[in-house]
Amino acid sequence: MRLSSTKKIATLEAWSNIPYTILCVKALVFCIPVVIAIWHGIDRPFQQEPDANVNWVFQSLLLAEGMHQSGYDHTGFFHLVMMGFWFQFLDFIGVVGASTLSQVQNSAELSAAFNDLVIAARYFSAISVGLLSMAVYSGLRHLTGNGTIAALIAVLFCLSPGVVEQAIRIHTELFSAMFIFVAFFLVVAAARTHGWRGLLWLALAAAFSILSLYAKMQAMPLLLMLPVAALAFGTAVAPRRIDPLVRMDNVSVIGFCMACMAFSAIAVTMIVAQLVTLEEPPVVISPRISLPIFTAYFLLSSLVFTWMHRPHWKPCLMGVCALMAGTATGLYFIFVHDDPRIVRILVNLIDHMTVFSPARDGETFLFQMAPDQSRALLLTTIISNYGDSLFRSFLGGGPGQKNVIIALYWVLAAGMFWALAARKWLLAFQLSLFLGTAISMEAYCRIRSFAPWYYIYVEPWVLFGCAHLFSALISDAPAVNPDRAGNAKQTASVAVMIVVLAVMPLAISDALTDRVYRNDEDICPTISSEARLLPNLTCYERQSTKN
């Protein structure tokens, strides 16, 4: 029996790791968001969800016309630029009849041309979510080392509310979350890899982190979590193995660092110029204070990581230089469509994120207060938001605050306490990092709003944490019962599948539940304000829609 159980588990693990299976899973997780988007009526009129439809398509048309955005709230810069390229590609192959603002304005049927672009933008969102799901599946395979768990959690990721909302609507959180997830998996890979490949992953993680901010500044707290992830998942060089970077001669190390600094010179100049010319009074904190603090934090994290995992000055120095070059690479995306205000917002991102945040009375905004008052209120608001976040996480929340993966929150919390009881300190720290990130990010998002599309910043971390926990349970099962290692591993695997499959029906039901879309004359002022250069855009038409 022991041999039979062991062979079954080994067969399942081998099956999940063959290239054909991996390709099929990637195809599956790519198609799920696209199918969900079509299910919810991807061709519904643009008059519904005016903020998500009219605003972002119009802003993208402005950029495609060579103009600047008329609104910088989110800012959505990366999303808008890429969506503009998507429109131009579809125009080139004849799928849409207009891809720039002037072309839409000169269309014989302006509303029809604009509606075609809205539908194209929804397909763009659905396809992008499909690509994100493929990236998450690949990242989970590396994180857990278990293809079966990675596949199950990746499917659940596709069905989670935040991901579904991004697939069926046009929202700028999509690329922000996508790039921060990719950056996380790259940081983990860099922390586990030695030599030049580790430096490459680190530089790419830095570049994607900046791109996530170009999509939406709200990703900043998650960016600050990445150095902690490196410490949590880093691996030291084996005693008998010397890091290839350590074997490099000093001249090569210095040459590499000089090349990185030369490559980053323009980026550094861009940042310094913004700091020197900044005239706006601080709302919460001046970037002349916050940026040095962030820089010191990342440098200190690099030193601590070196002390823990790479005890030599060469990997440390080259790692910092790789971070600098990667950050510069991300910053240089601004030259795709030059807009100096985007860089200024990036430099002053804390004030930008909080400037429109209301106080508890809902009428006073932080920018109307003195900096000391706004800082104190911001801190107390975040702390008080933890109560609402914990309530939704473990008790389901109130009306409109659904949690279809509530069981996984409890599983992750229980796994964290189990790891503590078993004195698996590192595993407990890793699990607490995932759970703490989810709850803290929700508390942060609640400063302004916690609409369902913000869930993409929160719930995936619980899924990632559960994947890591399940992998640890299956790997450690034989050690719990050495005499029946095969049975123990099989029992753990079956238990994991039962937990995931038990959550799946509720997630599927929620993903396919019709959303209520606005379709009334009250949206006319919103459409007029969001697309001022399209005055002939039909405000309202009575059409049969899914409600």
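Begin with the second largest pocket, which has a volume of about 510 Å³; a pocket here is an open set of points on a 1 Å grid over the protein atoms alone, where a 1.4 Å probe fits, with protein on both sides within 12 Å along at least five of seven lines, and the volume is the space filled by probe spheres set on the points. The model is predicted, with local features needing pLDDT of at least 70 and side-chain atom pairs pLDDT 80 or more, while totals for linings use all residues. Residues are numbered from 1 along each chain, and side-chain values use heavy atoms, without hydrogens and water.

Select Pro221, Leu224, Leu378, Ile382 and Tyr444, which lie nearest the centre of this pocket among its 19 lining residues, a lining residue being one with an atom within 4 Å of a point.

Next, select helix 13, residues 287–309, whose 23 residues reach 32 Å from first C-alpha to last, close to the 33 Å expected at 1.5 Å a residue; helices are DSSP runs of H or I with at least four residues, and the expected span is 1.5 Å times one less than the number of residues. Its buried residues (under 20% relative accessible area, 1.4 Å probe, protein chains only) include Leu291, Phe294 and Phe305.

Finally, select Arg44, in the loop between helix 2 (19–39) and helix 3 (50–64). Is Arg44 buried or exposed? Arg44 is buried, with a relative accessible area of 6%, and its side chain reaches the backbone oxygen of Gly41 at 2.8 Å and that of Ile168 at 2.6 Å.

Definitions and conventions. Helix = DSSP H or I, 4+ residues; strand = E, 2+ residues; numbered from the N terminus. Buried < 20%, exposed > 50% of the residue type's maximum accessible area, 1.4 Å probe, protein only. Polar contact = N/O pair within 3.5 Å; in protein donor to acceptor, adjacent residues only side chain to side chain.
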